[in-house]
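Reader: I've got a model open and I'd like to learn how to read its features. Could you walk me through a few?

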Amino acid sequence: MSHLPPQGASPAQPEPAEVESGEVESVDAPPADLVWRRLHPVTPLVRGWAVIAVLLVIFGRQSIENGPENGIPVDGSNWWIFASGFVVVALIGGVYSWLSWRVTRYAYDADAVYVHSGILFRQQRKVRLDRLQAIDIVKPLLARFFGLAELKLSVAGGGDSGARLGFLRDADANQLRNLLLARAAGLEETAEGEVIPEAPESPVLQVPPGRLIVSLLLSGATIALFLIIAGSIGAVIAARSAGPLATILPALIGVGAYVASRFTSEFNFTGAISPDGIRLRHGLLETRSQTIPPGRVQAIRLSQGLLWRKADWWRVEVNVAGYADASDGNASGTVLLPVGSRDEALSALWLVLPDLGVADPRAVLETALSGSGRDGGFITSPRSAVWVDPLAWRRNGYRVTDRGLLIRRGRLTRRLEVVPHERTQSLGLAQGPLQRRLGLTSFVLHSTPGPVSPMVPHLADADAADLLRTQASRARAARTLAGPERWMQATGQHPSPELSSPPPPPLPPKDLS
Amino acid sequence: MTDESASDLHVPVSAPAAGPFDPEGIVWQRVSPRLVTARLIMLAVFLGIPLLALVVLAIALPGAGPWLWISAAVVAVLVAWSAIVISRQVRAIGFAERDEDLLIRKGVMFRSLVVVPYGRMQFVDVSAGPLARKLGISSLQLHTASPGTDATIDGLVPSEAARLRDRLASRGEARLAGL
């Protein structure tokens with residue numbers, strides 16, 4: 001409570017009191033000539049509805065999980081208690097949202113976005129544009145009815161870093177995103193009030209709804225669902241009562257919710273490349289269009305579950321520093337391709353790493369995806385690893401190219417992890433007592449938080465030591481050559497994807513535009 | 001660049017004979033042996049006191065059967081084992097400052113080695129609890145943008161920790177890169 005100024009002090013010295021109550025760095029005070037803007041006036045309504053929706057979901061889940069015997073039943077005698085409770089909560093939520101809208105203001109200049117917010121605990125936040133990791137435009141269902149959108153700026157702070165500007169009119173949000181991207185890129189000719197055209201893009205990836213549904217049916221969640229149903233039927237038959245059905249209901253709801261959320265968030269997925277970076281659009285009810293500028297992807301993983309092997313489908317996920325642990329719990333920001341053919345998955349990899357740094361990238365990647373053993377320059381576990389990983393020891397391995405480290409893993413679930421050399425954070429080796437007896441060492445590459453955690457398990461001692469030593473110097477050399485944070489200020493050596501040059505892996509034949 | 005590639009040439013291509021956790025040409029700096037004392041005191045608090053309580057109970061309740069003595073013996077073996085391992089563990093901790101990165105190794109049974117480039121450092125923590133302050137040691141932790149980087153050096157003499165912190169910070173600033 002030390003944030004709150006004492007009551008008596010505020011009239012005497014209002015200015016310091018306000019400063020005390022927020023997170024303000026006096027050295028970093030925003031410039032005086034900023035134009036402060038408010039969010040769209042409908043914002044409190046959309047936000048307030050979200051509060052009620054959350055309440056309804058919690059209440060619904062509680063009453064289902066507790067079952068009719070434990071929960072408080074809603075019937076004719078007490079329905080008005082619940083109704084008035086909802087009204088009171090809605091009123092409080094509405095008033096709070098309105099107040100919060102009143103005090104929220106934002107502004108931007110050539111270097112940063114400033115957001116002032118908070119009713120009791122004031123917060124003044126400055127987001128530096130050269131530290132921008134990604135910009136998303138999120139449109140929840142209700143906001144779409146009003147033609148509103150939320151702009152999310154992600155920076156690499158973890159937790160609740162970055163800024164959310166919501167809600168703005170669709171056109172304003174698009175305009176602001178283009179402006180911020182242009183400024184973040186270091187383009188100079190962006191005067192105030194000028195309409196910034198959206199950077200041109202060429203579509204690369206598209207996921208038809210039918211394939212998404214089939215891929216979800218063939219995913220691990222469905223197997224879990226089947227096991228749960230089969231188990232419960234067995235239990236019902238064995239116990240000769242419907243009792244076990246109630247206990248599996250929460251599990252069913254959990255699996256169902258997971259599949260449903262994957263379906264709605266990955267519905268109508270398209271991926272495109274533009275000078276601003278990778279553009280992703282997806283979502284059924286809540287649509288999201290993401291822009292990941294060049295050089296912001298820290299690591300990438302192509303994976304294929306056992307049931308996807310027949311169709312040769314792959315899922316592509318990335319580590320982006322800003323998406324680490326998004327406060328809304330939606331991890332879909334890290335999906336680069338929910339499901340796609342081998343060609344499409346390789347195109348997604350090309351979006352991130354246009355130049356793999358090998359003479360014949362296609363052949364190397366084929367080996368990396370489905371090969372095994374030491375073909376194609378891969379260094380795999382030695383024979384002794386059969387004792388610790390009998391299934392995958394022939395496949396686990398790595399290959400170094402001029403631009404990145406390729407890590408191949410897994411026999412049942414196939415994985416390929418690629419880390420560009422300049423994105424290496426730190427490196428490590430680890431060895432347990434059993435591994436030491438077998439002469440094995442695991443190599444770990446530390447990346448920013450995300451779905452991809454690259455490591456090569458059970459290498460021969462000499463190979464692991466060699467990889468650690470050479471990878472440290474390769475990462476160092478690559479860092480000195482890496483492009484600038486403001487990606488358009490680059491000179492010749494910048495790894496910006498050239499729109500004119502065709503991707504090494506062939507694009508799907510059908511016309512996507 | 002030319003300097004780097006030249007120095008790389010001097011490193012033999014084959015792995016050093018000492019194993020992957022002892023790269024060739026690295027002189028490990030050791031931590032203070034007072035860390036052994038600190039860890040032994042922690043061991044005494046968390047295992048020694050329960051052991052004492054068990055022994056007292058076993059003497060006070062002779063009719064309780066052999067189970068109290070057996071569990072006391074188990075705890076005693078655990079204490080003895082930990083006491084032996086602790087001094088070996090502390091002796092296994094080592095760090096080395098290279099031109100471009102910091103190496104930290106630790107562990108006897110489960111060994112690990114971490115290489116943290118100075119340019120990847122986001123911030124450095126130096127911390128010391130009440131016991132560590134009494135014994136005159138502190139621990140230093142390097143943070144990168146990755147939560148997986150486990151780069152902690154326990155048992156540094158405070159002056160050494162402060163010196164290392166300042167040097168790491170200045171080296172990190174000189175080599176700072178984006179994410």
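This is a predicted model: local features need pLDDT of at least 70, side-chain atom pairs count only at pLDDT 80 or more; totals for chains, interfaces and linings use all residues.

Reader: How many helices and strands does chain A have?

Author: Helices (H or I, at least four residues) and strands (E, at least two) are DSSP runs, numbered from the N terminus. In chain A that gives 13 helices and 21 strands.

Reader: Which way do α8(A) and α9(A) run relative to each other?

Author: Axes are lines fitted to C-alpha atoms, for helices over the stretch in contact, with angles from 0 to 180 degrees between N-to-C directions. Here the axes of α8 (residues 220-239) and α9 (residues 243-266) of chain A come within 10 Å and cross at roughly 170 degrees. That makes α8(A) roughly antiparallel to α9(A), a label for angles over 145 degrees.

Reader: What classes of residue make up the contact of α8(A) with α9(A)?

Author: Contact is when C-beta atoms, placed from the backbone, lie within 7 Å. Ala, Val, Leu, Ile, Met, Phe, Trp, Tyr, Cys and Pro count as nonpolar, Asp, Glu, Lys and Arg as charged, and the others, Gly among them, as polar. This contact has 15 nonpolar, 2 polar and no charged residues; among them are Leu225(A) and Ile228(A) from α8(A), and Leu252(A) and Val255(A) from α9(A).

Reader: Is β10(A) mostly covered or uncovered?

Author: Buried means 20 or more other C-beta atoms within 10 Å of a residue's own, with C-beta atoms placed from the backbone. In β10 (residues 277-282) of chain A, 5 of the 6 residues are buried, so mostly covered by that definition.

Reader: And which strands pair with β10(A)?

Author: Strands pair if DSSP finds at least two bridges between them. β9(A) is antiparallel to β10(A) over 5 bridges, with Ala272(A) opposite Arg279(A). β11(A) also runs antiparallel to β10(A), joined by 5 bridges. The β10(A)–β11(A) hairpin has 4 residues between its strands, and Gly283(A) in the turn has a positive phi of about 125 degrees.

Reader: What does each chain bring to the contact between A and B?

Author: Chain A gives 33 residues and chain B gives 33 residues. On the chain A side, α13(A) gives the most, with 12 residues.

Conventions:
Residues are numbered from 1 along each chain as its sequence is written. Chains are lettered from A and ligands numbered from 1 in the order in which they are written. Two residues are in contact if their C-beta atoms, placed from the backbone, lie within 7 Å. Angles under 35 degrees count as roughly parallel, over 145 as roughly antiparallel, 65 to 115 as roughly perpendicular and the rest as oblique. A residue is buried if 20 or more other C-beta atoms lie within 10 Å of its own, exposed if 12 or fewer, and partly exposed in between; C-beta atoms are placed from the backbone.
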